[in-house]
Amino acid sequence: CVHCVLQNNNSPYCISCNDGYYLSEDNKCMSCSENCESCIIENNKTMCVKCTWGFALSEDHQCLEVPDFCSTYRYENKKFICTSCKDGEVLTPDYKCLKCPDSCENCFIDSKNQTKCTSCKSNYILSSYGICEPCGEGCIECNINEKNETSCILCNDKYPFNINGSCISCGDKNIVGDLGDGCEQCGYNNITKTYECYKCRI
């Protein structure tokens, strides 16, 4: 009971109830049905008018669970089914929302019931197989060829040198011992078989 008043005999009776309860004819707060947030009495029957989170009203005013990750849904065959999903989810043939692979931004389900990516998250690129391939260490943006081999076109600050499509850091090979950003030009050492700094910033 939220509010009550005194009767002539000084006994209190309720005039409004908390969420999840309704006011009966004898001014008592009675519990609504399960998963119902707000209900009323109509034709001597309790009728839900608002459900708790994760549930929705059916045609007969019952609170039924909404499938996970639904963006929109409809009532069909005495249950709710998804009609569209949130970003990063895909609608399955049985009207459920399935999470896309972690590297995918968005995806779809093909005729073989396999999940394929349509767009990728940062530092990944879409292959011809519908898979998001990693661009590689230190790479911000990359391309992919017909063999599904990635090649970096933009490296981050920690890997300032793009050599043959790979992001290279020569800081630990800097001849002046200044780790990180002391190198101006980087090249491949055929003897050590590594990339090394051969021109340092002064």
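A: Asn123 is partly exposed, because its relative accessible area is 36%. On this scale, buried means under 20% relative accessible area, exposed means over 50%, and partly exposed is what lies in between, with a 1.4 Å probe and protein chains only. The model is predicted, so local features need pLDDT of at least 70 and side-chain atom pairs count only at pLDDT 80 or more, while totals for chains, interfaces and linings use all residues. Residues are numbered from 1 along each chain as its sequence is written, and side-chain values use heavy atoms, with hydrogens and water left out.

Asn123 sits in the loop between S14 and strand S15 (124-126). Strands here are DSSP runs of E with at least two residues, helices are runs of H or I with at least four, and both are numbered from the N terminus. The phi angle of Asn123 is positive, at about 75°, although the residue is not a glycine.

Asn113 also has a positive phi, near 65°, and is likewise a residue other than glycine. Asn113 belongs to the loop between S13 and S14. With 53% relative accessibility, Asn113 counts as exposed. Ser111 is found in the loop between strand S13 (104-109) and strand S14 (115-120). Its relative accessible area is 81%, so Ser111 is exposed. Between Ser111 and Glu37 there are 74 residues in sequence and 42 Å in space, C-alpha to C-alpha.

Cys104 and Cys117 are both buried.

The link of Cys139 and Cys152 is right-handed, with 100° about the S-S bond. Cys139 is buried, with a relative accessible area of 4%, and Cys152 counts as buried at 5%. The sulfur atoms of Cys135 and Cys142 are 2.1 Å apart, and these two residues form a disulfide as well. Its link is left-handed, with -65° about the S-S bond. Cys135 and Cys142 are both buried.

Asn148 is in the loop between strand S17 (139-144) and strand S18 (150-155). This asparagine is buried, because its relative accessible area is 14%. Asn148 touches Ser127, Ser128 and Tyr129, not counting residues up to four places away in sequence; contact means heavy atoms within 4.5 Å. A polar atom of the Asn148 side chain lies 3.0 Å from the backbone nitrogen of Ser128.

Aromatic residues are the next topic. Rings of Phe, Tyr and Trp (its six-membered ring) pair if their centres lie within 6.5 Å, and planes under 30 degrees apart count as stacked, over 60 as edge-to-face and the rest as tilted. By this rule the count comes to 2 aromatic pairs. The ring centres of Tyr73 and Phe80 are 5.4 Å apart and the planes stand at 85°, so this pair is edge-to-face. Tyr73 counts as partly exposed at 38% relative accessibility, whereas Phe80 counts as buried at 8%. One aromatic cluster is formed by Tyr73, Tyr75 and Phe80.

Finally, the chain. Its secondary structure comes to 0 helices and 22 strands. The C-alpha atoms fill a box of roughly 100 × 50 × 20 Å along the principal axes. The radius of gyration of the chain is 32 Å, whereas a compact globule of 202 residues would have one near 17 Å. That radius is taken over C-alpha atoms, and the globule rule is 2.2 Å times the number of residues to the power 0.38. Of the 202 residues, 28% count as buried. Among contacts between residues at least 6 apart in sequence, 8% join residues at least 24 apart.

Technical notes: Polar contact = N/O pair within 3.5 Å; in protein donor to acceptor, adjacent residues only side chain to side chain. Disulfide = S-S within 2.5 Å.
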